[in-house]
Amino acid sequence: MSAAPAGRLELVRSLKTNTDARRLFACLVGGLVLALMTGPSGSASAPTSGFTGSILNPRVFGFLGFGAAIWLLMTVRHRFGDRIRAASDRVQASPRRLLPDRRLRYGIYAVVLAIAIVYPMHLSGFWQEVLVDQVGVYVLLAVGLNVVVGYAGLLDLGYIAFYAIGAYSAAYWTGALPIHPFVHLNPFWAIPFAILAATIAGVILGAPTLRLRGDYLAIVTLGFGEIIQIVATNLTGVTGGAQGVIGIPHFSIHLFGIRYAWGINNLPYYYLLLGFVVVVLVLFRSLENSRVGRFWTAIREDEVAAEASGINVLKYKVMAFAIGASTSGFAGMLTASKIAFVEPGDFTVQLSILILVLVIFGGMGSLPGAVVGAAVLQWAPWYLREHPILGFQQQDIYIYLGALLVVMMIFRPEGMIPSRRRRREIGLAEHGVGHADALSGTGPGPVA
Amino acid sequence: MSTTVAPEPSVALADGDAIVEVADVSLSFGGVTSLAGVSLGQRRGEILAVIGPNGAGKTSLFNCLTGVYTPQAGSIVFHDAKGHDTQVIGRKAHVVNRLGIARTFQTSRLFNALTAFENVKIGVESRQHTGPVGAMLRLPRTRREERESDARSSALLDFVGLHARANEVASSLPYGDRRRLEIARALGTVPELLLLDEPAAGTNPSEKVDLAALIRRVNADMGVSVLLIEHDMRLVMSLAHRIIVLNFGRVIAAGSPEEIQRNPAVIEAYLGSTGGEGETSGGAADAGGRPDAGGDTRGEEP
């Protein structure tokens with residue numbers, strides 16, 4: 001036995017006995033694998049170019065650093081997690097919490113809003129477009145789906161259908177479709193009609209199907225999403241068919257001598273969208289803390305008890321469904337006017353699922369969660385793609401987002417910023433009381 | 001929306017001052033008969049106890065009374081304080097609750113992620129009218145209703161003695177408090193008739209005493225009629241004005257606590273042939289978690 005193998009044995013032994021060392025090793029290997037996976041691919045002429053391009057490249061340090069950061073997080077959580085949780089519970093439970101908490105919250109909102117207003121001014125046109133088309137609209141969509149999935153616990157996989165209805169309503173009322181209304185409206189005036197159309201569609205679809213539970217509801221909504229897309233493709237005389245419709249006008253104001261038109265510039269659209277999102281957030285925040293919001297929580301938790309407490313379960317489910325649909329329709333309307341173009345290919349099932357992912361990632365039932373989830377997940381792919389060192393391949397990005405979600409579901413199933421109610425539910429489910437995901441729809445079971 | 005139905009003659013009730021009349025109700029699941037022609041009546045203002053061995057059909061009766069189950073035959077007529085007679089069968093659970101029949105469950109079904117206060121508020125607010133638009137815009141009516149609901153909920157928590165725990169999460173409450181919270185939530189819906197399904201199951205002796213006092217106050221101070229399923233004989237005998245005994249889905253006896261204690265059929269079916277008076281059923285302690293409709297055990301064999 002020479003010294004070197006003994007040293008190696010020492011290392012192996014420490015890996016076997018020391019949990020922290022073992023974790024660090026695993027994290028670094030993980031980072032290396034990630035670097036290898038995300039790097040350039042090899043080709044027949046140079047089979048090793050993928051390997052050398054990934055490993056013998058400064059970007060590998062980025063991934064190793066990422067692995068080390070994950071390790072640090074895990075270690076802190078492992079060592080101090082209980083103490084941190086206990087401290088946060090103490091803060092949550094203390095009766096004097098309310099006042100400073102509220103002040104803190106409004107402070108955070110103000111800072112976030114200020115950043116949201118100032119920051120985009122300094123971005124390039126490309127990133128401004130990402131902010132509007134990829135982030136802003138999806139924030140609105142996620143906030144709407146959050147009402148359906150997060151508040152009322154209904155799994156809606158056809159959410160994008162209402163987005164389509166909103167978009168085509170905008171096209172109809174502004175006169176872009178092959179069929180014309182009796183009067184052509186400015187996009188601003190088309191907003192209420194688009195919202196109304198989506199809401200009505202939500203009620204029509206919701207009233208019969210919301211009697212179903214869990215999986216059945218998901219399947220019906222999935223089918224509805226497909227139906228809308230197929231109808232839009234094939235009803236050429238009304239919707240313009242697979243080519244879509246062009247020429248939906250941009251927003252403009254001609255009022256009291258003020259003349260302003262939103263054109264192809266992204267920044268004005270960004271502020272318009274920001275304004276709408278803030279309004280929607282304020283409205284939904286009061287909704288969450290009202291009788292209606294409490295009823296949704298009650299229904300999500302225990303339908304039988306909710307009914308026994310005099311709540312018309314079907315009515316409130318349809319209400320949640322329709323409010324979600326109206327938000328989706330609103331977002332569709334805004335997009336249609338912004339990009340001046342609608343085509344059936346925009347309204348795929350993947351999009352419905354993506355929005356669901358945004359909500360789950362952010363934290364179901366939590367407005368800040370929906371906003372942050374949508375912002376992060378919609379921003380990240382573009383950031384990773386455009387990053388000079390990391391430089392992810394565009395077509396791979398959803399693999400990593402998928403992996404991220406899996407990791408998230410294991411370590412933080414309640415999402416990034418969970419609502420307090422939701423966090424309690426998850427905690428209860430871990431102790432065997434109730435079911436954490438109201439989406440599983442276990443039904444009433446024996447009433448005992 | 002109240003349908004007037006000719007009151008069926010009730011075997012258990014002679015005078016006309018009934019709050020609910022159950023006539024010939026039969027319920028079966030496939031081949032299993034749960035209720036076989038049950039008839040009973042409850043007077044307004046009365047505490048009526050329904051007792052019987054496990055599987056006798058007590059909880060099934062409750063589920064029929066609250067619109068959870070729809071019996072295949074019979075009629076259940078609710079006479080409300082305004083003099084309307086309404087057929088309960090065929091109505092949904094929330095509609096039945098609106099008629100004025102509230103209930104608690106055998107295994108308490110609170111909204112576990114909400115605080116005690118919010119649980120009661122949900123009961124109270126089921127009688128309010130704020131819609132989604134009012135809630136979003138916080139219209140004056142919304143704010144007024146919110147204040148009313150806060151005040152009433154807090155008064156109800158006071159009434160059941162849970163004021164100190166208002167902001168605790170329901171799931172963290174001890175068993176006895178959960179029971180009382182469920183009663184508070186049910187009272188929030190302003191019932192005329194309160195159905196309590198084994199309220200004392202799983203509670204300790206001192207909690208039982210408090211609970212009995214609470215039920216008496218609900219009955220006397222709030223003027224709510226109480227229909228009670230309970231296995232604890234001491235509690236039943238001390239609380240109930242009248243007792244109805246079910247066995248195999250049939251009413252086998254009805255009468256005052258004294259009469260029931262002397263009734264040979266009851267002693268035979270339920271208390272065991274030794275028949276000790278005021279005896280606590282041996283099965284009471286574990287009866288809490290067991291669904292009644294299963295018909296698994298039928299009391300103690302002699």
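The crossing of H8(A) and H14(A) is right-handed, meaning that the near helix is turned clockwise from the far one by less than a right angle. The residues in this contact split into 16 nonpolar, eight polar and one charged; here Ala, Val, Leu, Ile, Met, Phe, Trp, Tyr, Cys and Pro count as nonpolar, Asp, Glu, Lys and Arg as charged, and the others, Gly among them, as polar. Helix H8 covers residues 187-209 of chain A and helix H14 residues 313-339, and their axes come within 7 Å and cross at roughly 145°. Axes are lines fitted to C-alpha atoms over the stretch in contact, with angles from 0 to 180 degrees between N-to-C directions. Helices (H or I, at least four residues) and strands (E, at least two) are DSSP runs, numbered from the N terminus.

All this is a predicted model: local features need pLDDT of at least 70, side-chain atom pairs count only at pLDDT 80 or more, and totals for chains, interfaces and linings use all residues. Residues are numbered from 1 along each chain as its sequence is written, while chains are lettered from A and ligands numbered from 1 in the order in which they are written.

Staying in chain A, strands S2 (252-255) and S3 (258-261) pair antiparallel over four bridges (pairing takes at least two DSSP bridges). A:Ile253 has A:Tyr260 as its bridge partner. The two strands make a hairpin with two residues between them, and A:Phe256 in the turn has a positive phi of about 50°.

Now for the chain contact: 38 residues come from chain B and 32 from chain A, counting C-beta atoms, placed from the backbone, within 7 Å. H3(B) gives the largest share of chain B's side, five residues.

Technical notes. Two residues are in contact if their C-beta atoms, placed from the backbone, lie within 7 Å.
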